Amino acid sequence: MAWNAIDRKVPVIDPDAPPVLSEAVRDKIRSFFPRYETKRAVLLPALHVAQDALGHVSHAAMVEVAEILELHPSEVLDTLTFYTHFWTHPKGRKVITVCRSISCELMGGNEVLDALKSKLNIDEHGTTEDGEYSLVTEECLAGCDYAPCMLVNEKMHQRVAADDIATLLADSDIDVVAMERSDLFDAPDRACANTAVDGAESASA
Ligand code: FES
């Protein structure tokens, strides 16, 4: 097997691009400081806020989070890549996560996954061309009693049958969680953050 070579001569981050995190997002991250003894301990909330604002956590965002928390960017990268929840590249607006653990597999999880791949015309880790869906698998989603399970963003779907997939995907509320949620981790200003991202992308294009 050939090793993938990394081109270290081309910078991953454009040094002239504007910041990707808006001031509102930075303030939101700083608002966690009083809750923890160290800035380092704010790393996970900071990554949640950054991903909520930008849709993913790019290398530029990692560097900016590191600056805010007075960490080395590699420490941010190490933590981020440990968790499948965080994305380093753009993902679909709705992320479908199918459980791949034993209870769900025994109850038809693989058939559900195959039906999703077929219906969305993507493979695992793929994103549909319209940017609507990404598809991944993860270990137990903590709904084993109701296997097979899948998440659409934060909404859990239980006892899913492969034959139900077309109906589920046709439901515009497929990812709507019917409960009030805390604004703790939500980005404070998506419009502002998105403006910053657009600017960064056009600057680096
Ligand atoms: S095995 Fe699928 S939710 Fe636990």
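Modeller: Start at arginine 26. Arginine 26 is buried, at 11% relative accessible area. Bear in mind that this is a predicted model.

Biologist: What does arginine 26 form a salt bridge with?

Modeller: Glutamate 64. The closest N and O atoms are 2.7 Å apart.

Biologist: Is glutamate 64 buried or exposed?

Modeller: Buried, with a relative accessible area of 9%. The cut-off for buried is under 20%, so glutamate 64 qualifies.

Biologist: How many salt bridges in the count?

Modeller: The count comes to 9.

Biologist: OK, arginine 40. Which glutamate does it form a salt bridge with?

Modeller: Glutamate 75, with 2.8 Å between the closest N and O atoms. Arginine 40 sits in the loop between α1 and α2, while glutamate 75 is in helix α4, residues 73-82. This pair also links distant parts of the chain, 35 residues apart.

Biologist: What are the accessible areas of arginine 40 and glutamate 75?

Modeller: Arginine 40 is at 48%, which is partly exposed. Glutamate 75 is partly exposed too, at 25%.

Biologist: What about lysine 94, who does its side chain meet?

Modeller: Glutamate 132, in a salt bridge of 3.2 Å, N to O. Lysine 94 lies in strand β1, residues 94-99, and glutamate 132 in the loop between α6 and β2, so parts 38 residues apart in sequence are tied together.

Biologist: Are lysine 94 and glutamate 132 buried or exposed?

Modeller: Both are buried.

Biologist: Which residues do shared partners join into one network?

Modeller: Glu23, Asp27 and Arg30, through salt bridges that share partners.

Biologist: Switching to rings. How many aromatic pairs?

Modeller: A search of the whole structure gives 2. Phenylalanine 82 and tyrosine 83 form an edge-to-face pair, 5.0 Å centre to centre with 85° between the planes.

Biologist: And which ring pairs with phenylalanine 86?

Modeller: Tyrosine 83. Their centres are 6.2 Å apart and their planes sit at 90°, so that pair is edge-to-face.

Biologist: Which residues end up in the cluster?

Modeller: Phe82, Tyr83 and Phe86, linked by ring pairs.

Biologist: What's the accessibility across those three?

Modeller: Phenylalanine 82 is exposed at 63% relative accessible area. Tyrosine 83 is partly exposed at 33%. Phenylalanine 86 is buried at 8%.

Technical notes. Residues are numbered from 1 along each chain as its sequence is written. This is a predicted model: local features need pLDDT of at least 70, side-chain atom pairs count only at pLDDT 80 or more; totals for chains, interfaces and linings use all residues. Side-chain values use heavy atoms; hydrogens and water are left out. A salt bridge is a side-chain nitrogen of Lys or Arg within 4 Å of a carboxyl oxygen of Asp or Glu. Buried means under 20% relative accessible area, exposed over 50%, partly exposed in between (1.4 Å probe, protein chains only). Helices (H or I, at least four residues) and strands (E, at least two) are DSSP runs, numbered from the N terminus. Rings of Phe, Tyr and Trp (its six-membered ring) pair if their centres lie within 6.5 Å; planes under 30 degrees apart count as stacked, over 60 as edge-to-face and the rest as tilted.
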